[in-house]
Amino acid sequence: MAGIAPGANTVADGYSHNDERIPVSGPDLDFTYNDGPSATPFALDSDNGDGYGTGNGQTGIDNHLPHPDRPMLTQTHEGEYRDDHGELPPVRVTRANKLFAFCAALNSCNLGYDIGVNTDAAMKLQNSMDLSDTQLEIFMGSLNLFAMIGALCAHAISDRFGRRGAFIVAAVGFIFGVLLQASAASFNVLMIGRVFVGLGVGFGLAVDPIYIAEISPAAHRGRLVTWSEIATNIGIVLGFTSGLAFLNVDENTAWRAMFAMGAILPTIMIFLAYKVMPESPRWLVSKGRESEALVVLEKIYPPGYNVNVIVEEIKEGIEREIAAEHAVGWDMILFPSPAFKRMLLVGIGTAVAQQVVGIDAIQYFLIFILDESGIKSRITQSTILIFLGLLKLAMIFVAGFLFDTKGRRPLMFTSLAGMTVALLLISVNFIGDSHNAAFAVVGIGLYLSFFSLGMGPGAWLIPSEVFSTSIRAKVIQV
């Protein structure tokens, strides 16, 4: 790399095959994360000449990438703030921090409730509105499409109106959508409501982890971000429970009431966003409102903590991101170097894998699977759904412990293998005319358990750990 001195202001150009570094102007581009107990700074040009800074025992662009001798990933992603990790003991989580993270995670309950309520109400909806199988499948499956659009728009909305504003936009969209669905007299109106529900879900899911990460001390950020996955599963259980609440109501009315109840959580979310949740300190600093950011940080961090340092490091981080953006833009992702290709393959591949394993299809059509297996009673179906939802939720807590003790890779492989066996069991049960109800319930329970053991929380955790600082925001948006 002739002409560029070691340690100069450089970033990986993102498209050359040898990760050539290019000079940029602006503040020091320190992409170090100082993850875990090590405070050894990352060297842009290591003594072994590999261009990746691996001369000091590291294996990739950032210190949080796994080392071959430490496959369990004991070093976790810590974030951009250096004052609360490294050789210093981690900052404790304050009550205010837990409260704000809980409020943000509550927003993910909306997605969970939609999954749960549609699972229980699908057959009632089809019978009541005389929908064809194709129409029902379009209604159920279209949520992900509309949520993708919402997620893509979330970045612009949250940057313009703030994180709290994005929560409110998501909640309003969700409320309008579920009420439109509940009052629909035709399939077209039902689908218009579905559009707004999907957009609201997409907004919320995109903003949740960002907000939690930005209001949490770096050492506890990963654990608090996973609260969104837990909240999603709590929402699923609530959606399943709504079937029991309207068990003795005519199905023509029951599914409408079940959908309408979906407006309760987002209404609470609007109140929390207005009255309880503070604005993200990072967003406030980016808008030049540093005094307000200091007030928020004083709530998040323990008394006496030097939050002025945090503000300065937020400013430095924003300046580095701007400098990196001007230097390479989207080229790092569209024309990745070998190192970034590996990051993208692991991070995006994990997120894609979470969807292609069929979790949405299984969850949305659980009632139909139970019905086909011979379970016709509404109360029995609702009871089994609640049991399966609680089982899935419980396995997430088990996964949280095992991820830290057994490592990411073993659990992901175990999860995939278990789901494969469970799906084979379910499929074999429906071969021929004789179907065993107990066999079907066991197969579904195994599938949901193994999903929550690895693929469920892992698809959120792993991408947050593998991406370099210079591309993390863009890739998470993708």
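Modeller: Leucine 106 counts as buried because its relative accessibility is 15%; buried means under 20% relative accessible area, exposed over 50%, and partly exposed in between, with a 1.4 Å probe and protein chains only. The model is a predicted one, in which local features need pLDDT of at least 70 and side-chain atom pairs count only at pLDDT 80 or more, while totals for chains, interfaces and linings use all residues. Residues are numbered from 1 along each chain as its sequence is written, and side-chain values use heavy atoms, with hydrogens and water left out.

Leucine 106 belongs to helix α1; helices (H or I, at least four residues) and strands (E, at least two) are DSSP runs, numbered from the N terminus. Apart from residues up to four places away in sequence, leucine 106 touches Ala231, Leu265, Ile268, Met269 and Leu272, where contact means heavy atoms within 4.5 Å. Leucine 106 and glycine 235 lie 129 residues apart in sequence, yet their C-alpha atoms are 8.7 Å apart in space.

Helix α1 (residues 95–106) also packs with helix α4 (residues 187–214), at an angle of about 175° and with axes 9 Å apart. The axes are lines fitted to C-alpha atoms, for helices over the stretch in contact, and the angles run from 0 to 180 degrees between N-to-C directions. Helix α1 is therefore roughly antiparallel to α4, a term for angles over 145 degrees. On the α1 side the contact is made by Phe100, Ala101, Ala104 and Ala105, and on the α4 side by Asp208, Tyr211 and Ile212. This contact of α1 with α4 has six nonpolar, no polar and one charged residues; Ala, Val, Leu, Ile, Met, Phe, Trp, Tyr, Cys and Pro count as nonpolar, Asp, Glu, Lys and Arg as charged, and the others, Gly among them, as polar.

Methionine 129 lies in helix α2 and is buried, at a relative accessible area of 16%. Its contacts, leaving aside neighbours within four places in sequence, are Ala184, Ala185, Ser186, Phe187, Leu190 and Trp255. Methionine 129 and alanine 184 are 55 residues apart in sequence and 9.4 Å apart in space, C-alpha to C-alpha.

Aspartate 130 sits in the loop between α2 and α3 and counts as exposed because its relative accessibility is 66%. Although aspartate 130 is not a glycine, it has a positive phi of about 55°. Aspartate 130 is one of the residues touched by leucine 125, together with Leu131, Leu136, Phe139, Leu190, Trp255 and Phe259, not counting residues up to four places away in sequence.

Buried residues make up 54% of its 478 residues. Among contacts in the chain with a separation of 6 or more, 77% are accounted for by residues 24 or more positions apart.

How values were computed
Angles under 35 degrees count as roughly parallel, over 145 as roughly antiparallel, 65 to 115 as roughly perpendicular and the rest as oblique.
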